[in-house]
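Here's a quick briefing for anyone meeting this protein for the first time. Have a look at the chain, then read on for the main points.

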Amino acid sequence: MEAHKRRKRYSGTHPKTFEEKYKEHDPEKYADTVARVIGKGSTPAGMHLPIMADEVLQALRIQPGEIGLDATLGYGGHARRMLERLQGRGHLFGLDVDPIEIVKTRERLRKAGYGEDIFTAVRENFAHIDTVAQEQGPFQFVMADLGVSSMQIDNPERGFSYKLEGALDLRLDPENGIPAWQRLAQMNREEIQGMLEENADEPYAREIAGSIVKLRKKGAAIRTTTDLRGAVEAALVFLPENGEKRDLLKKTCQRVFQALRIDINNEFEVLEAFLDKLPQVLAEGGRVVILTFHSGEDRLVKKAFQEYYRQHIFAEISRDVVRPSPGECRANGRARSTKLRWAVKA
């Protein structure tokens, strides 16, 4: 029997720091709180709601006994729905590079009744699906959700959100590579501007790059999320003070953090590698679904699917992008930018 552990105590009537927010660390234990938060159109902190789950399942057409791959395991929401469709037969493999979240998700799915006979979590970047497929494939269905999980965004130690004070890290795998603040310190003005334009279509890329370099020359290090947000605010100081400025600052910060995250994790290069290897890991008639959250990602997926269709590698592809319903967008604000594309191998 597992020893009882007292939860961390906090001063005042409500927990203030992420470490003190015990409900956020075990959201499924507090169903009433979760239901209230979701009912208000928000995602409970520490939890991730699977986006377009019904549309994903409709496109994948999973049958009991099939072998499938969740290339981006995350919180395991999509994986759980896919496992339900397998009805105890077949197998689902789930990939994730995050050493922190993959352990939690494996345990979460084990507690839900999915043992080693039906589900295997593999710590691997989905750029290397070919190595996984050599041992476990080919796969009848493959799913990839390219969004950052809410658990990563909500944890200030990961540095993914401009709203939360923390080290500017942004690595999906914090055990490898360099943190974002260090990468940013190595880049000159032209490189920063190019990164913002290419990775986020940022209209104020020149001004923001100039602001970052100006702060550096003054000896101000940009090492935290608040530091970077301050640099963005300083860059847009010329904008008129009105009701629109606050919303514009919010969207600009979102794009800047997105651009830096994409750069730090080589996300476009990883996606290209995944798309290049996709045909060889799919079985004949295998289905694939990809969820994207940025126009650059969607362009890569669209281009690859169209090229495979022209080469008769894919028998069917989605002609138009599939978007989440208005109801889902109201219930989960993080779904609004989602685009879904699917394909079927010949």
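Let's start with one spot: Leu 239 sits in the loop between helix 11 and helix 12 (243-264). Helices here are DSSP runs of H or I with at least four residues, strands are runs of E with at least two, and both are numbered from the N terminus. This is a predicted model, where local features need pLDDT of at least 70 and side-chain atom pairs count only at pLDDT 80 or more, while totals for chains, interfaces and linings use all residues. Residues are numbered from 1 along each chain as its sequence is written, and side-chain values use heavy atoms, with hydrogens and water left out.

**Around Leu 239**

- With a relative accessibility of 12%, Leu 239 counts as buried; buried means under 20% relative accessible area, exposed means over 50%, and partly exposed is in between, using a 1.4 Å probe and protein chains only.
- Leaving aside residues up to four places away in sequence, Leu 239 touches Tyr 204, Lys 245 and Leu 248, a contact being heavy atoms within 4.5 Å.
- From C-alpha to C-alpha, Leu 239 and Leu 249 are 9.8 Å apart in space, and they are ten residues apart in sequence.

**The whole protein**

- The protein has 15 helices and seven strands.
- It has 346 residues, and 49% of them count as buried.
- Take the contacts with a separation of 6 or more: residues 24 or more positions apart account for 70% of those.

- Seven strands make an open sheet with mixed pairing, in the order 3-2-1-4-5-7-6; two strands pair if DSSP finds at least two bridges between them.
- Strand 3 (119-123) and strand 6 (314-317) are at the edges with a single partner strand each, so one side of each has no neighbour in the sheet.
- On average, neighbouring strands of this sheet are turned by 15° against each other, direction ignored.
- Strand 1 (residues 67-70) pairs with strand 4 (residues 139-145) in the parallel sense over three bridges, and Gly 68 stands opposite Phe 141 in strand 4.
- Strand 5 and strand 7 are paired in the antiparallel sense, over six bridges, with Val 289 opposite Trp 342 in strand 7.
- Strand 6 and strand 7 also run antiparallel, joined by three bridges; Phe 314 has Lys 345 in strand 7 as its bridge partner.
- Strand 7 is largely enclosed by the rest of the structure, because five of its seven residues are buried.

**A buried threonine**

- Thr 292 is part of strand 5, and its 1% relative accessibility makes it count as buried.
- Apart from residues up to four places away in sequence, Thr 292 touches Leu 146, Glu 297, Asp 298, Val 301, Ser 337, Thr 338 and Lys 339.

**Helices on the sheet**

- Helix 5 (residues 101-111) lies across strand 2 (91-96) and strand 3, running at about 175° to strand 3; axes are lines fitted to C-alpha atoms, for helices over the stretch in contact, and angles run from 0 to 180 degrees between N-to-C directions.
- Helix 14 (residues 295-310) packs on the sheet, where it touches strand 5 (282-292), strand 6 and strand 7 (339-345), and its direction makes about 135° with that of strand 6.

**Helix 10 with helix 11**

- Helix 10 (residues 205-217) packs against helix 11 (residues 225-235) at an angle of about 120°, and their axes are 8 Å apart.
- That makes the two helices oblique to each other: angles under 35 degrees count as roughly parallel, over 145 as roughly antiparallel, 65 to 115 as roughly perpendicular and the rest as oblique.
- Among the residues that meet here are Ile 208 and Leu 215 in helix 10, and Leu 228 and Val 232 in helix 11.
- By class, this contact has eight nonpolar, one polar and one charged residues; Ala, Val, Leu, Ile, Met, Phe, Trp, Tyr, Cys and Pro count as nonpolar, Asp, Glu, Lys and Arg as charged, and the others, Gly among them, as polar.

**Helix 13 with helix 14**

- The axes of helix 13 (residues 267-281) and helix 14 come within 10 Å and cross at roughly 20°, and the two helices are therefore roughly parallel to each other.
- Their contact has ten nonpolar, one polar and four charged residues.
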